[in-house]
Amino acid sequence: MPKLYSAKAVYLDDTFREGSALLEENGRILETGPLEALLQRYPGIEHVRWERGVIVPGTVNAHNHSFQSLLRGIAVDKPFLQWRDEALYRYSPLLDEEAVYTGALLAFGEMLRYGVTTVCDFFYVHNGGTALDEAVIRAAGDVGIRLVFARTMYDWSGAPAGYRETVDEAVDRTRRLAVKYQGSSMVAVHPAPHSPHAASPAMIQAGHRLAQELDTPFHIHVAEEMFEVEETLRDYGLRPVHYLDSLGVLDGRMIAVHLVWLDDSEVERVGQRGGALAYCPSSNMFLADGITRIPELLRHGTRVALGTDGACSNNRTSVYEEMRMCALLQKVANLDGTCLTAGDVFRMGTAAGGEVLRLPVGTLAAGSCADFSVLNADDLSLTPRGELLANIVYAMQPSAVTDVVVNGRLVYTQGALQTVGEKEIVRRVDTLFEAWERRLGAKGP
């Protein structure tokens with residue numbers, strides 16, 4: 001049955017419009033327009049009204065590692081490789097289905113509270129199969145978030161055994177998972193060769209071929225750290241972007257993550273080839289990676305979406321936070337307060353995320369998924385209301401998000417998830433860490 005949603009204002013066509021509404025049925029927006037006209041056209045329709053609310057598109061988290069929410073606060077204030085070894089590599093061998101499921105509940109539940117309605121989870125702990133992959137997908141379904149599962153393809157011998165697969169194993173398992181969820185309204189599976197550092201040339205090319213076969217994007221970390229640039233120069237005589245171009249994988253399917261250490265020719269090449277970027281500014285700052293050249297990438301045609309990265313390298317999971325960090329970091333890096341606007345970064349965290357992931361999300365338009373948040377217009381962090389979009393980007397606190405709807409379903413309201421209880425998530429995490437402390441033989445975090 002169709003349902004009408006209205007509020008004090010609705011964000012339509014890049015403008016906050018009062019007296020407007022959304023008509024939803026079966027998880028899709030059928031129509032938008034003036035509330036009174038829709039009420040006349042659909043007499044007796046169920047009508048959900050937020051008198052003091054503002055309806056905005058759900059945000060799109062274009063890059064995350066859900067299991068890393070379990071490791072938040074571990075190995076903080078460390079150099080990148082020490083952080084990796086003490087957090088990821090130390091705890092990864094402890095991850096089983098229950099742990100991965102618990103970590104995904106924590107990550108996705110927290111995101112929903114902050115207005116994230118779609119997340120791309122770049123997941124690389126496979127333990128020789130797809131059971132852990134399925135645990136992430138099950139958690140997303142239980143919590144009620146829309147999921148792009150970027151199944152990582154990883155064959156670097158220096159990584160933990162649970163990460164590694166042969167090229168044939170990675171392709172077969174990723175293909176079977178993608179086929180299983182084809183046609184799902186809530187789950188999409190994309191190939192994700194990990195990086196030029198952790199995936200061989202054959203693995204990277206296999207991931208790209210599989211993306212062509214499945215007609216999906218593919219995801220890859222690129223030039224996050226300077227040591228990765230040095231490695232590709234040493235091993236292949238090329239910088240990372242040119243190396244990927246030489247493999248034939250730099251095209252409109254590629255969603256590169258980070259792109260911190262690019263030279264001028266690489267910045268230009270990504271845009272020329274139609275590539276996209278999932279930009280994670282808070283993580284880049286937390287790990288002292290460096291500063292991606294966002295205004296220049298945009299000028300050369302690169303499509304840019306925002307991600308939080310994993311919660312042990314951020315340590316928050318709010319795309320609104322990434323909007324703010326993106327704008328402020330680029331302003332100070334470029335010494336130009338005009339180089340990115342509130343409107344620019346809001347789009348990166350909403351509509352651009354949908355475009356990059358090839359999903360009808362991030363906008364409130366006919367045909368789009370009915371994924372949106374309701375903000376309290378009276379929240380102190382949104383007051384005064386004269387420049388609402390600027391306040392959402394630069395001032396808003398999580399308390400302003402009062403309700404979240406995904407696929408036409410109310411999943412968060414009145415300060416609580418409506419799917420999986422938050423106390424139950426915390427209990428699961430506490431129980432898990434008690435077991436981990438016993439196994440590690442030392443006091444845990």
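This is a predicted model: local features need pLDDT of at least 70, side-chain atom pairs count only at pLDDT 80 or more; totals for chains, interfaces and linings use all residues.
**The cavity**

One cavity of 30 Å³ or more is present in the structure. The volume of the largest cavity is about 270 Å³. Its lining comprises 20 residues, and F80, W83, L88, H194 and E224 are the closest to the centre. Two helices, α2 (80-91) and α7 (226-236), each contribute at least two residues to this lining. With five residues, α2 gives the most. By class, the lining of the largest cavity consists of nine nonpolar, seven polar and four charged residues.

The largest pocket has a volume of about 320 Å³. Among the 22 residues that line the pocket, G183, S184, V187, A188 and L359 are the closest to its centre. At least two lining residues come from each of β8 (146-153), α5 (167-181) and β9 (187-193). The largest share belongs to β9, which supplies four residues. The lining of the largest pocket holds eleven nonpolar, nine polar and two charged residues.

**Lining classes**

In summary, α2 is the main contributor to the lining of the largest cavity, with five residues, while β9 provides the largest share of the lining of the largest pocket, with four residues.

Technical notes. Residues are numbered from 1 along each chain as its sequence is written. Side-chain values use heavy atoms; hydrogens and water are left out. On a 1 Å grid over the protein atoms alone, a cavity is a set of points where a 1.4 Å probe fits but cannot get out, and a pocket is an open set with protein on both sides within 12 Å along at least five of seven lines; lining residues have an atom within 4 Å of a point. Grid points are joined across faces, edges and corners, and a volume is the space filled by probe spheres set on the points. Ala, Val, Leu, Ile, Met, Phe, Trp, Tyr, Cys and Pro count as nonpolar, Asp, Glu, Lys and Arg as charged, and the others, Gly among them, as polar.
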